[in-house]
Amino acid sequence: MKDLKIAINVDDLTVAYNYKPVLWDIDLAIPEGVLMAIVGPNGAGKSTLIKAILGIIDPIAGSVSIFGKPYEKQRKLVAYVPQKGSVDWDFPTTAFDVVLMGTYGKLGWIKRPKQAEKKAALEALEKVGMLAFKNRQISQLSGGQQQRIFLARALVQDASIYFMDEPFQGVDATTEIAIINILKSLRKEGKTVVVVHHDLQTVPEYFDWVTFLNVKKIATGPVKDIFNDDNLTKTYGINYKVAVNK
Amino acid sequence: MTISEYFELLFTDYTLGTITLGTAVLGAICGMLGSFAVLRKQSLLGDAISHAALPGIAIAFLITGTKDTNILLLGALVSGLIGTFWIRGMTHKTHLKSDTALGLVLSLFFGFGMLLLTFIQKQPNANQAGLDKYLFGQAATLVKSDVELMIIVTGICLFVLLLFWKEFKILLFDADYTKTLGFNTKFIDILITFFIVLAIVLGLQTVGVVLMSAMLLAPAAAARQWTNKLSVMIFLAAIIGAFAGVFGTAISASQNNLSTGPVIVLVAAVFVAFSFVFSPSRGLLFRQIRFLKNRRDLELKKTLQFMYGIAKTHENISHPHAIRILNNFHGFTRKTLQKLEHNGWIEVSNQQWSLTNEGFIEAENLYNQLLEND
């Protein structure tokens, strides 16, 4: 890494549902400009970590800062791609409308999207290769297309930091390649991208930074330094053999 | 009175005009707000709120001793809101699922309300009769001031809806995402819920506690079938609600004064049934027709492909073959053969078929098309 300016700083973050801690005392400093995977077994708290950082879930303790300032003041710098399954895709709206929602944050209360916002939404649709589907009712889109629409909605926010919750879940190989290319181009533009990721095989190929999580933070750092059997075993509890391309 | 007499009287008879306007406005506001409830998958919330309003009516009567509609409805509003916040609290703070919380609040409040009603009826007070009209509603008791109140509330509701349109829309679709954009989702949520409670309370006099939720859900469910656009859906739901109100009143007035509330609800249900069957994109009828048509098309294409397979092996693709050999193939029927000929893909003569040039090209493209449509 050229410089290690910290984009996201998580301090002592603890989250519990009921009585059971889901995240325990997480400290995390994510440098600017990395493409980072969060990996860990089911129930490790990967999605919860993102949601707690974004204030969707209230943590029991801890704080989050973005470029040195509290997250609440930096919301406009942060974009979020939720899990595809978190919404009802039978909602009466079009692909274009969903992408346009990405502009709502900067518009603020009451103001309606105008020509500039609509143009931005069309550009984002084009970037994810979905321009031809802009008027399609969202339930008529395939799973991969729905994922691209969510990605476009985040792109239109024109943020510095992107959080994505399993963007590769249930998409075909073509969409996966399309998405990873967009993520890599975001990194090229100097943006920071944090992705909850399941497929350990592709971590070294896709990402340059990785965080191992299983309720506690196991390790975080450059993929080439810390993506190894030792950390995988610590995270997943069993002797995890993966082919690490070195 | 027949229905046509009713519509003649509508513009001359003052009482009838008031009642009809009232049920129309009520249907419209319920349709509008019901769309929100349906899209948020809170269909049962309306049922719980309307039942939760009953004890408020009884308590308001016990405290004031009057049967002034506005005071009783104020009581209904307060206990409806209390019920709503209990439901919210229960789902947020305990492990109970929302359907459990809704069911609990519904039966608890309704039971308490019925207890109070029977208590009131036992009291030696000449003024006590008639509170039970809030159970099933009585549109005939609507007076001008009631309808004016409905119009004012509907106007405010419409204004707020237009003002916060963007915020409502995004919250309905994706609440978590809305929060990350910096919107106060709790405020939007409470605003929507408050208006739903308000609409329900307004409807209690006309439709009653028991059937009120149908007023919210039926127009919205019907409207959803006809459109894939939120604004159109809400507009349609309002129109359907208003129509159900007018027709329900007309039928009940012309048929020996049948109870208006249930008739309105039944008319709304007819709209729902009609929409479920006849909507072009989502309706059962057209879906079935499309299904059969697609099946026939596939049958046709399979036969064509089979013919293509045979024709390909000959130098001249239009070399004739006996129809007999198609019998080995199950997709073939006389009808498909006629259709193929009609499309100009084959020619039939002397119990023999031959592929035309168009037919050959069509068959060749078939495989590619199947891939594209995927």
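**View 1. A:Ala16 and A:Pro21 face each other across a strand pair.** A:Ala16 has A:Pro21, a residue of β2(A), standing opposite. What you're looking at is a predicted model, so local features need pLDDT of at least 70 and side-chain atom pairs count only at pLDDT 80 or more, while totals for chains, interfaces and linings use all residues. For finding your way around, residues are numbered from 1 along each chain as its sequence is written, chains are lettered from A and ligands numbered from 1 in the order in which they are written, and side-chain values use heavy atoms, with hydrogens and water left out. Strands β1 (6-17) and β2 (20-31) of chain A pair in the antiparallel sense over eight bridges. Two strands count as paired if DSSP finds at least two bridges between them, and strands (E, at least two residues) and helices (H or I, at least four) are DSSP runs numbered from the N terminus. β1(A) and β2(A) make a hairpin with two residues between them, and A:Asn18 in the turn has a positive phi of about 50°.

**View 2. β1(A) also pairs with β4(A).** Five bridges link β1(A) to β4 (61-66) of chain A, and these strands run antiparallel. Look for A:Asp11, which sits opposite A:Ser63 in β4(A). If you're wondering what holds such pairs together, strands of a sheet pair through backbone hydrogen bonds, either parallel or antiparallel.

**View 3. An open sheet of six strands in chain A.** Follow the strands in the order β6-β7-β8-β3-β9-β10; their pairing is mixed. At the edges are β6 (78-81) and β10 (216-222) of chain A, each pairing on one side only. From one strand to the next, the twist averages 15°. Helix α1 (46-53) of chain A packs on this sheet, touching β3 (35-39), β6, β7 (161-165), β8 (192-196) and β9 of chain A, and its direction makes about 145° with that of β7(A). Touching here is contact, which is heavy atoms within 4.5 Å. For the angles, axes are lines fitted to C-alpha atoms (for helices, over the stretch in contact), and values run from 0 to 180 degrees between N-to-C directions.

**View 4. β9(A) with its neighbour β10(A).** Six bridges join β9 (209-214) of chain A to β10(A), and the two run antiparallel. Helix α9 (229-236) of chain A lies across β3, β9 and β10 of chain A, at about 30° to β9(A).

**View 5. The interface of chain B and chain A.** Here 30 residues of chain B meet 33 residues of chain A. The area buried between the chains is about 2900 Å², with carbon and sulfur atoms giving 62%. Buried area is the accessible area (1.4 Å probe) that two parts lose on being put together, summed over both. B:Lys166, B:Phe173 and B:Tyr177 supply 28% of what chain B buries against chain A, more than any other three residues.

**View 6. Charged pairs between the chains.** How many salt bridges does the rule find across the interface of chain B and chain A? It finds five, where a salt bridge is a side-chain nitrogen of Lys or Arg within 4 Å of a carboxyl oxygen of Asp or Glu. In one of them, A:Arg153 forms a salt bridge with B:Asp174, with the closest N and O atoms 2.9 Å apart. A:Asp90 forms a salt bridge with B:Arg282, again with the closest N and O atoms 2.9 Å apart. That pair runs from the loop between β6 and α2 (95-100) of chain A to the loop between α14 (260-278) and α15 of chain B.

View 7. Four bridges join β2(B) to β3 (352-355) of chain B. B:Ile346 stands opposite B:Leu355, and B:Ser349 stands opposite B:Gln352.
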